[in-house]
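I am opening a notebook page on this structure.

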Amino acid sequence: MELLDAVFTRRSVRQWKTEPVRDEQLRGLVEAAARAPSGGNSQPWTFVIIRESGRLRRLRAAAPGISGAPAALIALCLDSLRTGQKPCTTEHEMHLFSLGAALENLLLAAHGQGLGACAIGSFHVPSVRSILSLPEHLEPKLLVALGHPVSQPDPPSMRPWNEICFFEEVGTGGEH
Amino acid sequence: MASTDGLRDELLLLVGFLLTSARGLVDEPKDYGPARLLDAAGRLLTVMAGQGMLDTSLSEIRDEIDDELSASMDQQRLLARLDELALRWTELIADRF
């Protein structure tokens with residue numbers, strides 16, 4: 001799949017077949033995620049792959065943002081051993097942007113492999129910490145639910161071009 | 001049909017979903033609230049299905065909930081769907097109580 005095709009055809013998939021995702025595929029997704037740019041090459045992330053059905057079921061309960069039953073989940077954690085403990089700073093924001101870049105890489109890689117994925121931000125952090133036995137220095141920031149999609153969702157409605165992009169100055173011609 | 005233990009497990013997971021939803025909704029966008037409740041209704045119907053308690057009408061409602069939750073978020077569509085599902089549920093139980 002061409003890169004731009006992947007960007008424009010990726011959807012948030014929330015219904016999956018029961019077919020498992022192979023470990024090599026899951027590993028490949030994390031490898032793609034870890035290739036994302038990060039501020040100062042900090043690589044501030046740790047990824048946890050979850051495949052066991054019991055743990056997946058517990059996570060579905062602790063993460064209300066997951067609708068449907070994914071075949072696997074990947075938790076994207078910020079690692080304070082790499083970021084330091086400096087919340088609410090520009091540096092901390094940069095680490096979050098880096099994690100966001102890793103997320104997009106992961107979602108596009110999943111799409112490129114014919115998988116369907118959805119980023120989840122709604123979950124109870126202490127419960128997810130407990131289920132994944134996360135040490136103190138790992139903060140779960142995002143979950144990615146994924147599997148073999150039942151279908152390709154319709155494209156979402158998009159904000160108009162002239163509302164989101166301007167040339168040179170805000171308020172001037174957003175031609176498309 | 002699921003065993004009593006199986007039913008207990010399913011309900012325990014549903015309790016967890018409701019608890020973590022309640023906590024999450026304190027900080028989350030208010031639009032998420034209706035979706036969480038709709039999801040809870042769908043999960044409860046799935047538990048009922050495991051107990052052989054779903055007739056065709058309820059199965060159709062569950063399928064529609066799944067469709068809604070798997071689509072891109074659209075508040076207008078969600079509102080219309082909630083109105084329609086609530087009305088269908090009302091008509092469904094009219095003869096039962």
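Before I look at any pair inside a helix, I note that helices (H or I, at least four residues) and strands (E, at least two) are DSSP runs, numbered from the N terminus. I also note that this is a predicted model, in which local features need pLDDT of at least 70 and side-chain atom pairs count only at pLDDT 80 or more, while totals for chains, interfaces and linings use all residues. Residues are numbered from 1 along each chain as its sequence is written, chains are lettered from A and ligands numbered from 1 in the order in which they are written, and side-chain values use heavy atoms, with hydrogens and water left out.

**Entry 1: chain B as a whole**

I looked up the secondary structure of chain B and found 4 helices and 0 strands, so I checked the order against the DSSP runs, and from the N terminus it reads α-α-α-α. The C-alpha atoms of chain B fill a box of roughly 35 × 30 × 25 Å along the principal axes. Of the 97 residues in chain B, 30% are buried, where buried means under 20% relative accessible area, exposed over 50%, and partly exposed in between (1.4 Å probe, protein chains only).

**Entry 2: salt bridges in chain B**

I used the rule that a salt bridge is a side-chain nitrogen of Lys or Arg within 4 Å of a carboxyl oxygen of Asp or Glu, and the structure holds 16 of them over all chains. Asp39(B) pairs with Arg43(B), with the closest N and O atoms 3.2 Å apart; both lie in helix H2 (residues 32–50) of chain B, 4 residues apart, about one turn of the helix, and both are buried.

Arg96(B) and Asp55(B) also meet in a salt bridge, at 2.7 Å from N to O. This pair links distant parts of the chain, 41 residues apart, with Arg96(B) in the segment after helix H4 (75–93) and Asp55(B) in the loop between H2 and helix H3 (56–70) of chain B. Arg96(B) is exposed at 51% relative accessible area, whereas Asp55(B), at 29%, is partly exposed.

Glu84(B) and Arg88(B) form another, their closest N and O atoms being 3.0 Å apart.

**Entry 3: where chain A meets chain B**

How many residues of chain A are in contact with chain B? I found 20 residues of chain A in contact with 17 residues of chain B, contact meaning heavy atoms within 4.5 Å. Across this interface the rule finds 1 salt bridge, in which Glu10(B) pairs with Arg57(A), the closest N and O atoms being 2.5 Å apart. Helix H3 (residues 53–62) of chain A gives the most to the side of chain A that touches chain B, with 5 residues.

**Entry 4: the cysteines**

Over all chains the structure holds 0 disulfides. Cys77(A) is buried, with a relative accessible area of 0%, and Cys118(A), at 4%, also counts as buried.

Note on methods
Disulfide = S-S within 2.5 Å.
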